[in-house]
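Visitor: Hello! Could you walk me through this structure, one question at a time?

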Amino acid sequence: MAQSAQSSTETDWVSRFADEVIAEAERRAPGKAVVVASGLSPSGPIHLGNLREVMTPHLVADEIRRRGIEVRHLISWDDYDRYRKVPAGVPGIDESWAQHIGKPLTSVPAPAGSAYPNWAEHFKAAFVEALAEMGVEYDAISQTEQYTSGAYREQVLFAMKHRGDIDAVLAQYRTKQKPGGKKPQQKQVDEAELEAAEGSGAAAEDDGSDGESGYFPYKPYCGQCGKDFTKVTSYNDETTEMTYVCTEDEYTETVKLSEFNRGKLVWKVDWPMRWAFEGVIFEPSGVDHSSPGSSFQVGGQIVHIFGGEQPIGPMYAFVGISGMAKMSSSKGGVPTPADALKIMEPQLLRWLYARRRPNQSFKIAFDQEIQRLYDEWDKLESKVADGSVLPADAAAHTRAVRVASHELPRTPRPLPYRTLASVADITAGHDEQTLRILADLDPSQPLTSLDEVRPRLDRAENWITTQVPADQRTLVREDADTELLGSLDAEGRESLRLLVDGLDSHWSLDGLTTLVYGVPKVMAGLEPDAKPTPELKVAQRTFFALLYRLLVTRETGPRLPTLLLAVGAERVRKLLAA
């Protein structure tokens, strides 16, 4: 495995991790494909916090692939995990799903009306579709398939045979009562961060101890009720004969573990077993591993029992959300990648994960902040185009717009998101009106088809319709506000006349910008291109507020040049005729 020369401009965190992973792979398994991994439990909607579990190794794997080195990104679906609770706010389910608690996720019925055969497949589907849209390449592994096919049989038997060694490691971390009944202090983890961590198999901290029949790192699913309210009561290392009892229905069964596939290793043993089995070199871990005795820390010792090594990889920080107009009531939780991709292009979502180191938290905008983010992205694109971009920013941009194998589809003519959102707001998604307005933005390069501004236009329309509250939407007046117009003094009427008279000669986005800012300057006896003074800025704000009241009944709204274009010259004249 030969590493290509690294460009001196590649100073970003992804390149640094790629260097470390390649070196570690050379040390552990020279000549073999580099293996990076992610783990996700489809126990409910897989949200944007969980996406960091995938994007961190994806970006590193993609960098390694760019260097011509063979790499596999495994996404382990922890779909053989137990169904732990009925999540709030998920359409198509009710409290009757509580009867399935304790079953594997692949044995729980999907929400009512779902096209998928079970709970796990239902929640996998939207995430898989989002990953495809984002260009994430990976090898999927179903833990249900792995366990029920017997793929891990030797590892299960090995773990049971070496249960004493495993128990000795776990015993070092089990919480013991201190004198006075106080438990040892552990590092505090933000509750919201723990919620964000849920959705990876790592959230479950079971180690298999029950303190009665001895320690057994294996949990069978009951042959009668199908649930994991079971405990192993005896095991014979020679014959592999195992007896368990189910506390749910008092069912007892004796099986040969060498032939039995209806169960799994407990999580704190299962995870390090897989590291050894797959030869994982790199895997990040979430905030649920920040405390002593967590799965990642304990797994780092247990993996040696299986003859493997712990992967290298960072602990990743919380991903927050700013604004979720309809999310909380409809979903009962934080939004998913599919939700984000309805209002932003894949490049922008990739960029948000690529530009921040894994240990840096960041927010994904569902509110007005998305317009600022898009402005920042467009500014970055301009710097890339003219060569003024900084190296680390250039690297993050490259990782956002393409993967090693191909460039992601992009909007041919990316007009400003805030402009598209304003137009969508005013036209309510009417295509003919939208095209008329957008064609007038730049008469020197008129838009001829809305396909030129898609998919960005579609994302902006979705944002307006799903995230902007109804009372913040723009409604253009049908008729002139004669009362307000009649109350204007001579100066107010003259300012409106100057604006109306200048419409035809300034009918473009840049021209109308000059006009609306220029009218107060002319009224003050200045040239239209005069530099603004503090007094002039006050006059401009007063003029703008008047225009908004006459056009949309409030004192704020979309940028005035865009609003004027959207309303149309004829209607503007009608509404401003003093």
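Predicted model: local features only at pLDDT ≥ 70, side-chain atom pairs only at ≥ 80, totals over all residues.

Visitor: Which residue of strand 3 stands opposite Ile75?
Guide: Strand 2 covers residues 71–77 and runs parallel to strand 3, with four bridges joining the two. In strand 3, the residue opposite Ile75 is Ala140.

Visitor: Is Arg84 buried, partly exposed or exposed?
Guide: You will find Arg84 in the loop between strand 2 and helix 3. Its C-alpha atom is separated by 8.8 Å from that of His100, 16 residues apart along the chain. The relative accessible area of Arg84 is 40%. Since buried means under 20% and exposed means over 50%, Arg84 is partly exposed.

Visitor: Are helix 20 and helix 21 parallel, antiparallel, perpendicular or oblique to each other?
Guide: Helix 20 is made of residues 509–523 and helix 21 of residues 534–552. Their axes come within 9 Å and cross at roughly 120°. Roughly perpendicular covers 65 to 115 degrees, and roughly antiparallel needs over 145. Helix 20 and helix 21 are therefore oblique.

Visitor: How many nonpolar residues does the contact of helix 20 with helix 21 have?
Guide: Helix 20 brings Val516, Tyr517, Val519, Pro520 and Lys521, while helix 21 brings Leu536, Ala539, Gln540, Phe543 and Phe544. By class, one residue is polar and one is charged, and the number of nonpolar residues is eight.

Visitor: And how many charged residues are in the contact of helix 13 with helix 15?
Guide: Helix 13 (residues 369–386) and helix 15 (residues 417–427) pack at an angle of about 140°, with axes 8 Å apart. Ile370, Gln371, Arg372, Tyr374 and Asp375 of helix 13 meet Tyr417, Arg418 and Ala421 of helix 15. Four residues of this contact are nonpolar and one is polar, and the number of charged ones is three.

Methods: Residues numbered from 1 in each chain as written. Heavy atoms only, no water. Pairing = 2+ DSSP bridges. Axes fitted to C-alpha atoms, helices over the stretch in contact; angles between N-to-C directions. Parallel < 35°, antiparallel > 145°, perpendicular 65-115°, else oblique. Contact = heavy atoms within 4.5 Å. Nonpolar A, V, L, I, M, F, W, Y, C, P; charged D, E, K, R; others polar. Buried < 20%, exposed > 50% of the residue type's maximum accessible area, 1.4 Å probe, protein only.
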